[in-house]
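I opened a structure that was new to me and kept brief notes. The entries follow the order in which I looked things up.

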Amino acid sequence: MAATLWSVKSCLSTITRAGLRRYTTPAAANTVSKSEPQEPNGPSVHTEIPGPKSQALLKDLDAIQNTGAVQFFVDYERSSGNYLADVDGNLMLDLFTQISSVPIGYNHPRFLQALLKDENRATLINRPALSVYPPSDWGSRLKNALLSVAPPGLNQVQTMACGACSVEHSQKAMFIAYQRRQRGGQPPSPEELKSCVEGRAPGCPNLSILAFRNAFHGRTMGALAVTYTKWSHKLDFPLPDWPCASFPALQYPLDQFERENRAEEDRCLDEVREQIHAWEKKDCPVAGIIVEPIQSEGGDNHATPYFFQGLQDIAKDHEIAMMVDEVQTGCGATGKFWAHEHWDLKDAPDIVCFSKKMLTGGFFYKDHLRPQEAYRIFNTWVGDPSKLVFLEEVVNLIKEEGLLGRVEDTGSYLLNGLYDIQNKYPGILSRARGVGTYCSIDFNDSDTRDKVIDDLRQKGINLGSCGNNSIRFRPTLTLSRNHVDVFMDVFSSVVGGLKS
C-alpha cells in the first residue's frame, strides 16, 4: 500500500483513522455542520477565466501597480464556503484558499455573527499599538484564541501582522537569547550599547541562522536570509552569508524505500552538524535552526519524524534554538492542530511561528526566549485584535465540530483518489503525498503542470503550484468527501484529455 509522508505507521493510522486527534469527535469527522454557509451544488463557469470584467479591472489596476501575479478578480460577497466567485459570475471550488489562509470557508456565518456582536465593535473599528496601549480584554482574547491551542509545552505568545514578520521577530528572539547566554545573564556593556547603534560589533555580533535548501520563510529581508527557493524572491537584495543544509529528498512509495530514505535523512542530519561546525570556524556561530514541517513553496517536500527528532537533538547538543515555521501547516491542515505534533518530539520546539489560517501572525516560544527589556520585539501594532475575534470563532468551531477529524478523513479520501489517478496515468503523475488535506502530486514537467492548473480553472477548480512540477492542495478545514468527488471528476477529465 502506498504510504503518506511521516512514516508507514502514521499512514496506516491516518487511513484507518484509529485514534482521533485533539479537538476531534468521531461523529463530526465527515459531517457538514448546520452552521456552515449555503454552498452551490458545484462549479459553474460561464466565461473564460479571467473573464472580460476581470481583464478590464486588471487594465485599470495595472496603471498604478505591477499586476503580474493577478489571476482574476474575486467577488467576495458571492463567495461561500469552499466556493470562490469571480467578478464575471463564475464559481470555482477553491482548493488553494488565498494561499492556504482561509480556515473555515468564505463568509462563514460564525464570522458574520461576530461582526454584529456589540462587545466586538470597538475591537473591529480600532487598531491599537498593542505593546503600548492594549485594550482591557487583550489578555483574555490571547488566552481564548491563541493559548487555548498553543503547542504543548509552550505558554508564551507574541502576535504579529503576518508570517514574514513573525519569522523576523522570532530570529531576533533567538539572537537575544543567544547573546544573553554568552554574557552569562549580565546586562550588555556600554561598548555594546554604543556600537550597536552604528551597526558594529560587539553590539551587533556576527551570528547566523541555519536553514534548508528549498525552504521558504517569507519575503522580508531577515526571512529571505533563510529562504532558498526562486530567484524572484532574492534577486538584487544584499543578504547575509548564512549556513544552508540539504532537506531530505525522499523516494516514493515510502514503504518501498525505507532504508534509502533513512540513509538520506542521516546524510542531511550530518550536513547540519557539519554546517554548524563550519560556521563556528568562520566566527559566525549558529544561534538557531529554522525548518518547515513540510517545505511548501519549495515543492511540498516532506521528512519523517526521525529527521525532525534528530534535528532537535542537534539543536540541544549545541545549545541553540529550534524554530518550526508553521505559517502554512498550522491550524489543523494536517489533521493535528500543529504539524509538529506528528513528530513525537522529546520536548516542545523552542519557537513555533504561525499565520495564514490563524488569521493573525505571531509565534509561541519557551520562557528562556522571552526578552527581558521592553521594545526588543516590537512594532507599532504587533498584530490586530480584530483578527483574534475571528480566530476565537475558528477555534470554537474546530472544537465543537471536530474539524480535525474531518480533515483526517477527507485527507485520506483525497490522497487515495490521487493514488488511484496516479496509478492510472503513471507517465504523467507521480509522488502523490500528503498529511491530512495538506496534499500534493507531481507532473512529469512544469509545462504540463501549468496547463493542468489552467484547464482545471476553466472547469471551475482553483488550485496552486509549488516547486518545479507540483500542484498543492490547501483547502479549508470544512472540505468534505463530496468536494473531493467534485474535484476528482474534473481532474480525471483534464488529465485524461492530455493523452488524446
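**Notebook: rings, sheet, helices and loops**

I started at F247, which counts as buried at 8% relative accessibility. I note here that the model I am reading is a predicted one.

**Entry: the ring partner of F247**

I looked up the ring pair of F247 and F212. The ring centres are 6.0 Å apart and the planes stand at 80°; the cut-off for edge-to-face is over 60 degrees, so this pair is edge-to-face. F212 sits in strand β4 (residues 208-212), while F247 sits in the loop between β5 and α11 (258-281). The two residues are 35 residues apart, and their pair links distant parts of the chain.

Which residues do ring pairs link into a cluster with F212 and F247? I found F307, F308 and W343 in that cluster.

**Entry: other aromatic pairs**

I counted aromatic pairs and reached 18. One of them is F175 with W242, an edge-to-face pair at 6.0 Å centre to centre and 65° between the planes. F175 belongs to helix α7 (residues 163-182) and W242 to the loop between α10 (231-234) and β5, so this pair ties together parts that are 67 residues apart in sequence. Is W242 buried or exposed? Its relative accessible area is 12%, and buried means under 20%, so W242 is buried.

**Entry: charges over rings**

I then looked for charged side chains over ring faces. K282 lies over the face of W279, 3.7 Å from the ring centre. R474 is placed over the face of Y438, at 3.6 Å from the ring centre.

**Entry: the sheet**

I traced an open sheet of seven strands, in the order β3-β9-β8-β7-β6-β4-β5, and noted that the pairing is mixed. Its edge strands are β3 (156-160) and β5 (244-245), each of which pairs on one side only. How many bridges join β3 to β9? I found five, and β3 and β9 (residues 361-365) run antiparallel. Within this pairing, Q158 stands opposite F363 in β9.

**Entry: helix α6**

Helix α6 (residues 138-146) lies across β3, β8 (351-354) and β9, and runs at about 100° to β3. I looked for a helix packed against α6 and found α13 (residues 385-401), at an angle of about 35° and with the axes 8 Å apart. The crossing of α6 and α13 is left-handed. On the α6 side the residues that meet α13 are W138, R141, L142, N144, A145 and L146. On the α13 side I listed P385, L388, V389, L391, E392 and V395.

**Entry: two loop residues**

S355 is in the loop between β8 and β9. With a relative accessible area of 8%, S355 is buried. Setting aside neighbours within four places in sequence, I found S355 in contact with C162, G163, V327, T360 and G361.

G467 is in another loop, between β13 (464-466) and β14 (470-472). I read a relative accessible area of 23% for G467, which is partly exposed. Neighbours within four places in sequence aside, G467 is in contact with E297, G298, G299 and R449. Last, I took the C-alpha to C-alpha distance from G467 to S412: the two are 23 Å apart in space and 55 residues apart in sequence.

Terms used. Residues are numbered from 1 along each chain as its sequence is written. This is a predicted model: local features need pLDDT of at least 70, side-chain atom pairs count only at pLDDT 80 or more; totals for chains, interfaces and linings use all residues. Side-chain values use heavy atoms; hydrogens and water are left out. Two strands pair if DSSP finds at least two bridges between them. Helices (H or I, at least four residues) and strands (E, at least two) are DSSP runs, numbered from the N terminus. Contact means heavy atoms within 4.5 Å. Axes are lines fitted to C-alpha atoms, for helices over the stretch in contact, and angles run from 0 to 180 degrees between N-to-C directions. Buried means under 20% relative accessible area, exposed over 50%, partly exposed in between (1.4 Å probe, protein chains only). Rings of Phe, Tyr and Trp (its six-membered ring) pair if their centres lie within 6.5 Å; planes under 30 degrees apart count as stacked, over 60 as edge-to-face and the rest as tilted. A charge sits over a ring if NZ of Lys or CZ of Arg is within 6 Å of the ring centre and within 35 degrees of the ring normal. A crossing is left-handed if the near helix is turned anticlockwise from the far one by less than a right angle, and right-handed if clockwise.
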